[in-house]
Amino acid sequence: MLDDVRPLVAIDNLRVEFQGEEGPIVGVEDVSFTIAPGETLCVVGESGSGKSVTSLSLMRLVEFGGGRITGGRLEFASAAGVIDVAGADDATMRAIRGKEIGMIFQEPMTSLNPVFTIERQMTDGLRMHMGLSGEAARARALELLKQVRIPEPERRLKQYPHELSGGMRQRVVIAMAMACKPRLLIADEPTTALDVTIQAEILSLINRLKRETGMAVLFITHDMAVVAQVADRVVVMCQGKLVEEGPVEQIFASPKQDYTRALLAAVPRLGEMRGKSAPEPMRLIGDEADVRAPLLPQAPEPLLEVSNLTTRYPVKGGLIRRTVANVHAVEDVSFTINKGETLALVGESGCGKSSCGRSILRLSEPTSGTVLLDKCDIIGLSARDLRRAWRDMQMVFQDPFASLNPYMRLREQVAEPLRNFGLAKGSEVEDRVAGLFDRVHLPRSFMSRFPHELSGGQRQRVAIARALAVRPKLIIADESVSALDVSVQAQVLNLMMELQAELGVSFLFISHDMAVVERVSHRVGVMYRGRLVEIGSRAQVFETPRHEYTRTLLSAVPIADPTRRTIGDDLNFRPIPSPVFPLGHEPGPSEYDEVAPGHLVLKDTMT
Amino acid sequence: MKLPASFRTSKGMLGIGLVLAILLIAVIAPVLIPADWATKMDMRARLSPPTWAHPLGTDQLGRDLMYRVLLGARTSIAIASAAVLMSIVIGLPLGLISGYAGRTTDNVLMRLVDTLLAFPALLLALTISAVLGPNLQNTIIAIGIAFTPFLARIIRGEALRVAQMPYVEAARTAGNSDARLIVRHILPNIMPAVIVQSTISLAFAILAEAGLSFLGLGTQPPDASWGLMIQASRDYLDRAPWTALVPGAAVALTVLGLNMFGDALRDALDPRSKGAS
Amino acid sequence: MSYILNRILSMLLTLFLISAITFAVTNILPGDVAMMIMGTQSNPEALAGLRESLGLNDPLLVQYGRWIGGMLTGDWGTSLVFKEPIAPLLLQKMTASGLIVLFSMSIALICAVPLGVWAAVHPNRWQDTASSSAALLGVSLPDFFWGIMMILLFARGLHWLPSSGFVDPGEDLLLAFRHALLPSLALGLGLMAHLTRMTRATMTGILNQEFIRVARAKGLGERTVVWRYGLANAVGPVMTVAGLQVGYLFGSIIVIESLFNYTGMGWLTYQALLNRDIPLIQASVFVIAAVVMLANLIVDLLYVLVDPRIRLS
């Protein structure tokens, strides 16, 4: 067949411009690549690389975002012959969209129209493209839901999007994109907003559908680990330009361009820390300065002792806003962090790891339990004494764009704790702030800037400087690197390890990213439904996981190595049950088996 | 300093121009124009259409409409500004406390505000003005009180949103007291919304003052206000429509300017509304 | 179901607060009902006697209790100005006002929604500029100014419509309609402008959402994407704003009905305020606030129909 030889998509010298305030801004230029029928091509890049613009151009959907294709050809081999998408008229494009090219997007929560039923949204494309009757379209929709393995498909058709979980919605969106058996599926960051187990399910689903139908997949992502798991070929993009292209094994084994090499060096790979006892900074290309690995002091001395911590949030309802139920966010959690040590809390969204961190600082008031910081009982403190206690423990938040006051100069924001805690006066403040900026590797000229003048990574450094200002004993880092691009993430991680090595500060590192956690932590706690299900040294948890949930989690993590593919079978994990319980519900205490010295596993698994 | 992009549109420029022009008139017209020019009755030229002597015509007593409308600007602007200021002075602490304290305080305050919101603002203002007796000062109080619940609601919403931002939590752990937290971290971040809402409220206050005066329950003669001028014109609409058109246009231009200014301000200050208007 | 029940209970509580506020505000009035009845020049002894018999010397709380009791049992007292029982009077005037309020709301919605959508679909193009500028002009003019313009144009100039008065629809439907048309238009123009701006802002937000992109990626035509997928999501928010504007309308009718001599609630309230007819002020202010609240309750309940997310929560 000729089809096997001719590419399905041939992009040649694509150039896309956006209308900016001062003339056109180039979104993408000089981008050329092809997609063969039946292959998975991954386009990978950090934010601003133009990867999404490229995929939207292929559907000619950039126009709706204010963009314009100003040069190049986008040839697509449709059933009716080769079409240049760049110059096709609207009617032709509508006939291709949804019929020959299906597309899925990043946010499953907003990808479906909230006021229409699943049936209506699934059938309208079928009726239009295939000319199916209402009954036939419904039958096909049902068949599609079965194909994407949605439980109780008949019931789902009658439901509205908000009644479905995120993973299920993404399955519906995929079913919709598959409705007319497209030749090409464009997946634009389809798993970025999903938990790791659901990500694994969706990736395996896309893999299976591709195998079954022979369609090609254009997969857009920022995540090198996902690329390694799904790609046949890879296109690396940076700042609107194509950097490198090649088969996935070649890109990972022998990248030709510096940018690709730097990108890969910044990606932590699950399992690469095997056999090492201490965290280890990443070796970044272009930043060869030797960063000291944080070593533990000889005699472990406990700093933070958390016992039986329980935090519940009331669900209010009714006329006088009574409490009608409780969200059991943290349920009988106990652990210790030693001086100079990093304990990581990992788990999926809603598992209570952030609530746990906030409860320790009493930013959320715990329901019961004790928290001792250097033998000082935090829970019993009055509001005034608590404020004083914060001198010893600080927090670094997730969103670098929301954790700095937009109307205050950075100097002021870092100086505030110094003044409030009476740590410095007069000109001393300025010197201390300057020292802190040096400490986090930011130029002193940034001190008089406002947050919006900085990039995300730079802001996160300021947030760290602010936390460091009081010379705390403990820093709680709540998903502090999750919102950052991978190369910036690596730099910030290295900074945190460097600070630990030099200042001996302890970290409670809260994260959903297993590979990052493996890199930075001495000890690891895994959380599930508010409880700590397993805790131990990093080697114990990662190399000999004992709890069923820990194993599930580890098996779902994509590994940034194309020779170690774990995705492939059809995965279907058990959904996480709701943490909302009626008033008065008292779950039993957490009881643990000590399977090895310091390695605790929760009894009564998966209840 | 460069103007924000939203002001560099024709709408934004027009808004700035109109607001500046009217503020200028309100400030300097009473200085430049002797007060008796607006009250001098030209008995031979009653209800005169626009002429060289009276560029905008005269009213039923032969008073020059141009001078009256220029001098009326100060009354209308002053009443509206004072009323809005009053609603901010009451509404800002109310909204801040409600949004920051939460729980019972919030429930009680907002139940009260919701109840007040069930009264149409104009009805509330009219009733208060009638109860207190219509005069300039009571007009301010009436409009000020009538606008307060709305403002308090908006400020509460903003305070609620800002209070849970990570930078406020970070500032809390940085050892700031509640008072400092409100003054240094929450207040600056809700000010954009307050400023935008004040501009829009100012436009509504001008309309409300005109409405109140039109019904005789606002500014009282001999003070000249635009609403009063429109009221006086009602009996002469057939013979002298300009007596209504001139003050009507003055109100329209002022409110239009304030609305355009407010729109541009909102776009400039509120990144969330980018592209949405 | 519990949502609806909650809303209704909450409404009853607000209604109670409304009555308390109304009663409190009107009791600050200098002079009292006895003075109003007998005049300022009356014999102080007779005045005192009347006060006693009217119960005006009782504590305020007792007076409030008596008033609210009367309101609940249908005894709304007698108007001092009109010398008529208040309840039937209010019912009649409310019907007249309801007519123009509904009429103006319909006019406003029918014009505003397409205009707003049209502007949102063509952001920063001439369609947007035209409709947004018109809307801006609309919200910037006082509605009584619109009224005056309409009187000048349609009544005095073209002699198409009567400029003043009210006719009961039961007597002469066509004539009643002709009398209601100009006040409704005067009320509706500002409202329409406001709703156009709202619809545009809402639709702009909706059209930037991901599910709209998904609908386009399915190959649906722009008409379906905008008018089905988009608009279905705008119905709720626009309806809510329209509901809130019922309050604005009941403020505006005071001015507009006086201007057009249209004898409805607004006109009646105005007469009561001018003449310090305390029982009538209390009753009409309370009724207006209650009707405004009821309108919002209805909108909230209708919202349940257009947004499935509320239906099940």
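This is a predicted model: local features need pLDDT of at least 70, side-chain atom pairs count only at pLDDT 80 or more; totals for chains, interfaces and linings use all residues.
An unreviewed UniProt entry lists six stretches of chain B under "transmembrane region": residues 12–33, 77–100, 112–132, 138–155, 190–208 and 242–262. Two of these can be set against the model. Residues 77–100 of chain B are 100% helix and 0% strand, with the end C-alpha atoms 33 Å apart. Residues 190–208 of chain B are likewise 100% helix and 0% strand, and here the end C-alpha atoms lie 26 Å apart.

Turning to the interface, 41 residues of chain B and 46 residues of chain C take part in the contact. About 3,700 Å² is buried between chain B and chain C, and carbon and sulfur atoms give 77% of that area. Between these chains the count is 1 salt bridge. Its partners are Asp263(B) and Arg197(C), whose closest N and O atoms are 3.0 Å apart. Polar contacts across the interface of chain B and chain C amount to 6 residue pairs, with both residues at pLDDT 80 or more.

On the side of chain B that touches chain C, at least two residues come from each of helix H4 (103–118), helix H5 (121–132), helix H8 (178–214) and helix H10 (242–269). H10(B) gives the most to this side, with 11 residues. Sorted by class, the side of chain B that touches chain C holds 27 nonpolar, 9 polar and 5 charged residues.

Conventions:
Residues are numbered from 1 along each chain as its sequence is written. Chains are lettered from A and ligands numbered from 1 in the order in which they are written. Side-chain values use heavy atoms; hydrogens and water are left out. UniProt positions are given in the numbering used here, feature names are shortened, and annotations may be inferred rather than shown by experiment. Helices (H or I, at least four residues) and strands (E, at least two) are DSSP runs, numbered from the N terminus. Contact means heavy atoms within 4.5 Å. Buried area is the accessible area (1.4 Å probe) that two parts lose on being put together, summed over both. A salt bridge is a side-chain nitrogen of Lys or Arg within 4 Å of a carboxyl oxygen of Asp or Glu. A polar contact is a pair of N or O atoms within 3.5 Å; within protein, one must be able to donate a hydrogen and the other to accept it, and residues adjacent in sequence count only if both atoms are side-chain atoms. Ala, Val, Leu, Ile, Met, Phe, Trp, Tyr, Cys and Pro count as nonpolar, Asp, Glu, Lys and Arg as charged, and the others, Gly among them, as polar.
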